[in-house]
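Here's a quick briefing to read alongside the model.

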Amino acid sequence: MTNGEAEVPAEAARPVEQAIRRRRMIRSFAPEPLDPDLVSRLLDTARRAPSAGNCQAAGFILLDTPELIARYWDTTLPPPRRDGFRWQQLLDAPVLAIVTTEPDRYPARYTEPDKVASGRTSPDRWPVPYWWVDAGAVAQNLLLLAVEEGLGACLFGPFDHEAALKEEFGVDPSLRLVATIALGHRLDPAAPEEPGRSAGRARRSLDELIIRPRSRSSRPPTG
Ligand SMILES: Cc1cc2nc3c(=O)[nH]c(=O)nc-3n(C[C@H](O)[C@H](O)[C@H](O)COP(=O)(O)O)c2cc1C
């Protein structure tokens, strides 16, 4: 493998480490439904992510019936474009969980007495909008839980369809749609997944990603 996943032997790795290293976006699903109790358990576990001020703003729009799934794809990939879609078996995923966030919860929380001194009283006062950060953690939890459960999962963006999806599913305007996660049994777990368009990009080296600042004493004197 080019991307380093094989560097830690699976038997030596810890479960979380294994799940992280094994996780890949899966875009070919069997249409077989998922047990609703399993889906509830996965979502209940996935939401147990860290969140700024414990805002717990990330949630899900759960599309778990053929009728709801059809409405999702009719909204985001209507029939004329659907025929040329590269990932036809992504459309067979029996569950779509749209990860949502609620930016307004952050200024509400950060004007409570223990946080008000931070000055984060409106969304534009956040240099890093934590509502996206927190939703990303929930999304990653769900992707890893799918690996552990032997399921396939694929995260993709709603792109320009956010407003249309909110309208279609009657979602409160204050919610933002972060990403859609398709969940289901893999069409053929033994078959190698056809790689996505970006999969050929080599994994960057760790050295490139870690900044090791010099100690103060080794800094050249200034002025
Ligand atoms: C925020 C985000 C958006 C993504 N959007 C798409 C998408 O629209 N379509 C798609 O096929 N994959 C999408 N991906 C998957 C990436 O292409 C994929 O994670 C990357 O190529 C690495 O492959 P891997 O996840 O299988 O390791 C997205 C991933 C993230 C994190």
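From the N terminus on, the protein chain runs α-α-β-α-α-β-α-α-β-α-β-α, which comes to eight helices and four strands. Keep in mind that this is a predicted model.

**Overall layout**

- Of the 223 residues in the protein chain, 22% are buried.
- Take the contacts in the protein chain with a separation of 6 or more: 80% of them link residues 24 or more positions apart.

**The sheet**

- The four strands make an open sheet in the order β1-β2-β4-β3, and the pairing is antiparallel.
- β1 and β3 sit at the edges with a single partner strand each, so one side of each has no neighbour in the sheet.
- Going from one strand to the next, the twist averages 25 degrees.
- β1 and β2 run antiparallel and are joined by five bridges; here L62 stands opposite A97 in β2.
- Seven bridges tie β2 to β4, again antiparallel, and A97 has I181 in β4 as its bridge partner.
- β3 and β4 are also antiparallel, with five bridges between them. On this side, I181 in β4 is the bridge partner of L155.

**β2 on the inside**

- How many of the seven residues of β2 are buried? Seven of the seven, so the strand is largely enclosed by the rest of the structure.
- The burial covers both faces: V95, A97, V99 and T101 point one way, L96, I98 and T100 point the other way, and all are buried.

**The nonpolar core**

- The largest nonpolar core holds 36 residues, and the ones with the most contacts inside it are A97, V99, L142, A153, I181, A182 and L183.
- The elements giving two or more residues to this core are α2 (36-46), β2 (95-101), α6 (130-148), β3 (152-156) and β4 (176-184).
- Which element gives the most to this core? That's α6, with nine residues.
- A153 is a handy place to look at the packing: leaving out residues up to four places away in sequence, A153 touches I26, L142, L143, A146, I181, A182 and L183.

**Around the ligand**

- The residues around the ligand are R24, M25, L155, F156, G157, A179, G196, S198 and A199.
- Sorted by class, that shell has five nonpolar, three polar and one charged residues.
- L155 turns up here as well as in the sheet: L155 is one of the residues around the ligand, and L155 has I181 in β4 as its bridge partner.

**T65, out in a loop**

- T65 lies in the loop between β1 (59-63) and α3 (66-76).
- Is T65 buried or exposed? T65 counts as exposed because it has 12 other C-beta atoms within 10 Å, and the cut-off for exposed is 12 or fewer.
- T65 and A52 are 13 residues apart in sequence, and their C-alpha atoms are 33 Å apart in space.

Definitions and conventions. Residues are numbered from 1 along each chain as its sequence is written. This is a predicted model: local features need pLDDT of at least 70, side-chain atom pairs count only at pLDDT 80 or more; totals for chains, interfaces and linings use all residues. A residue is near a molecule or strand if its C-beta atom, placed from the backbone, lies within 6 Å of it. Ala, Val, Leu, Ile, Met, Phe, Trp, Tyr, Cys and Pro count as nonpolar, Asp, Glu, Lys and Arg as charged, and the others, Gly among them, as polar. A nonpolar core is a set of buried Ala, Val, Leu, Ile, Met, Phe, Trp, Tyr and Cys residues joined through C-beta atoms within 7 Å. A residue is buried if 20 or more other C-beta atoms lie within 10 Å of its own, exposed if 12 or fewer, and partly exposed in between; C-beta atoms are placed from the backbone. Two residues are in contact if their C-beta atoms, placed from the backbone, lie within 7 Å. Two strands pair if DSSP finds at least two bridges between them. Axes are lines fitted to C-alpha atoms, for helices over the stretch in contact, and angles run from 0 to 180 degrees between N-to-C directions.
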